[in-house]
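Welcome! Here is a short briefing to read alongside the sequence and the 3D view.

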Amino acid sequence: MTETAQPLWDELIIGPTVVTLTESADYGCIPDGAIGILDGVLTYVGPAADLPASPDRLAHHVVYAEGTLTPGLIDCHTHLVFGGNRANEFAMRLNGASYEEIARAGGGIRSSVRNTRGADADHLLAESLPRALDLLHDGVTTLEIKSGYGLDLDTERRMLQTARQIGALTAQTVHTTYLAAHALPPEFDNDADAYIQRVTEWLPILHAEGLVDAVDAFCEGIGFSPEQTRRVFEAAQALGLPVKLHADQLSDLHGAELVTQFSGLSADHLEYTNDEGLMAMARTGTVAVLLPGAYHVLRETKQPPIARMRELGVRMAVSTDCNPGTSPLLSLRVAMQLATTHFRMTPLEALQGATVHAAAALGLSDRGQLKPGLRADLALWTVQHPDELTYWLGGNLLQNLWLAGHSLQR
Ligand code: NIG
Ligand code: FE
């Protein structure tokens with residue numbers, strides 16, 4: 001009687017190694033596993049042998065699969081909405097120019113601002129959507145997208161609207177972040193304080209339009225000072241919006257510590273972060289978002305203090321930082337690979353960094369692991385062992401993807 005009273009699951013997946021990531025010290029693998037899905041939520045995660053009844057009595061649709069099933073990947077730091085590209089600057093840097101020199105000469109972020117301002121909504125979507133699809137086809141079911149190449153109200157709005165549209169078109173969950181404090185636009189040359197004042201005035205307008213999930217800034221010599229960053233954070237706080245920060249990427253301005261003072265979700269980059277900053281992050285639970293793509297492309301040599309983060313129990317996320325300047329990186333798995341080779345993260349840490357810890361960096365507790373009650377965002381890979389997800393550098397390893405229980409293949 002009780003068994004027939006249960007609604008049938010929409011889908012039952014049987015056979016793969018299920019990587020639950022529910023423990024911090026290992027993958028939590030279930031060989032010959034099974035996953036039940038009802039209304040976009042996981043109803044069963046366990047060994048196929050322990051299923052409570054025969055498959056046809058449990059679900060409308062049964063899929064037999066091989067390989068490895070993980071949570072859908074989460075890319076918690078991207079700037080993938082932008083116009084044009086900066087391959088020319090890449091060539092200049094290979095010839096010896098530095099990122100900062102190019103930025104100070106009016107290139108860098110400002111060059112992408114010119115191209116983004118010049119792109120109408122259709123054009124911006126047409127350029128940006130393929131980048132989100134590239135991430136999707138390598139397993140990304142949730143991603144964050146920042147503004148920051150508009151630096152005026154209209155273009156910042158267009159970028160955030162484009163980000164929302166991408167979510168509607170791909171069915172990925174898109175979290176939007178307002179990053180108007182990314183660079184100083186030319187019309188405010190020599191008046192960064194006046195620009196920051198505008199940034200704080202635009203925020204409530206865009207927030208009222210439902211376009212802002214979080215607020216970020218670039219706290220750096222070529223970006224904004226800690227004091228200016230603080231003003232942006234105060235404006236976010238007044239609206240109840242969470243903050244995060246491009247912190248200590250090229251120099252130590254105590255950015256990590258600053259973002260913890262606002263109980264920030266994450267501090268990102270962190271190559272130059274000092275020990276006080278790390279200890280503050282450990283106290284507030286602020287996630288360290290590591291961006292090895294930018295480190296790789298800029299041919300940096302100063303590594304973020306990974307060993308110390310580990311020691312202090314700071315959660316580490318890994319993200320593409322997909323952007324036209326420092327990280328034209330279109331695969332989160334490649335970012336994971338770079339995190340292992342450049343930063344010596346373990347393959348387990350890299351996968352946790354692209355799932356459970358990335359979810360925390362976005363303030364999401366309903367995904368990033370596989371257990372009953374969580375959202376059915378799943379990636380099925382051809383590989384036999386989860387270490388292979390970081391071992392292969394690129395390649396097409398994805399067999400299938402489920403977004404809130406909807407499979408790409410059905
Ligand atoms: O995360 N550091 C600032 N922002 C980006 C780069 C933006 C750009 O160069 O277009 C980053 O590395
Ligand atoms: Fe970034």
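Ala181 has Ala217 in β11 as its bridge partner. This is a predicted model, in which local features need pLDDT of at least 70 and side-chain atom pairs count only at pLDDT 80 or more, while totals for chains, interfaces and linings use all residues. Residues are numbered from 1 along each chain as its sequence is written, and chains are lettered from A and ligands numbered from 1 in the order in which they are written.

**Strand β11 and its partners**

- Helices (H or I, at least four residues) and strands (E, at least two) are DSSP runs, numbered from the N terminus.
- β10 and β11 run parallel and are joined by 3 bridges; two strands pair if DSSP finds at least two bridges between them.
- β11 also pairs with β12 in the parallel sense, over 2 bridges, and there Cys219 stands opposite Ala247.
- β10, α8 and β11 form a right-handed β-α-β unit, and so do β11, helix α9 (residues 226-238) and β12. Right-handed here means that, with the strands pointing away from the viewer, the path from the first strand over the helix to the second runs clockwise.
- Why is strand β11 (residues 214-219) largely enclosed by the rest of the structure? Because 6 of its 6 residues are buried. A residue is buried if 20 or more other C-beta atoms lie within 10 Å of its own, exposed if 12 or fewer, and partly exposed in between, with C-beta atoms placed from the backbone.
- Ala214, Asp216 and Phe218 cover one side of β11, and Val215, Ala217 and Cys219 the other.

**Positions listed by UniProt**

- An unreviewed UniProt entry lists Arg86, Tyr149, His182, Gln249 and Thr326 under "binding site"; such annotations may be inferred rather than shown by experiment.
- His182 lies in the loop between β10 (173-181) and α8 (192-208) and counts as buried, because it has 26 C-beta neighbours inside 10 Å.
- Leaving out residues up to four places away in sequence, His182 touches Ile109, Gly148, Leu151 and Phe218; contact means C-beta atoms within 7 Å.
- Gln249 sits in the loop between β12 and α10 and is buried too, with 30 C-beta neighbours inside 10 Å.

**Positive phi angles**

- Most residues other than glycine have a negative phi.
- His254 has a positive phi of about 60 degrees, and it is partly exposed, with 17 other C-beta atoms within 10 Å.
- Arg344, in the loop between α14 (332-343) and α15 (347-353), has a positive phi near 60 degrees.

Terms used. Contact = placed C-beta atoms within 7 Å.
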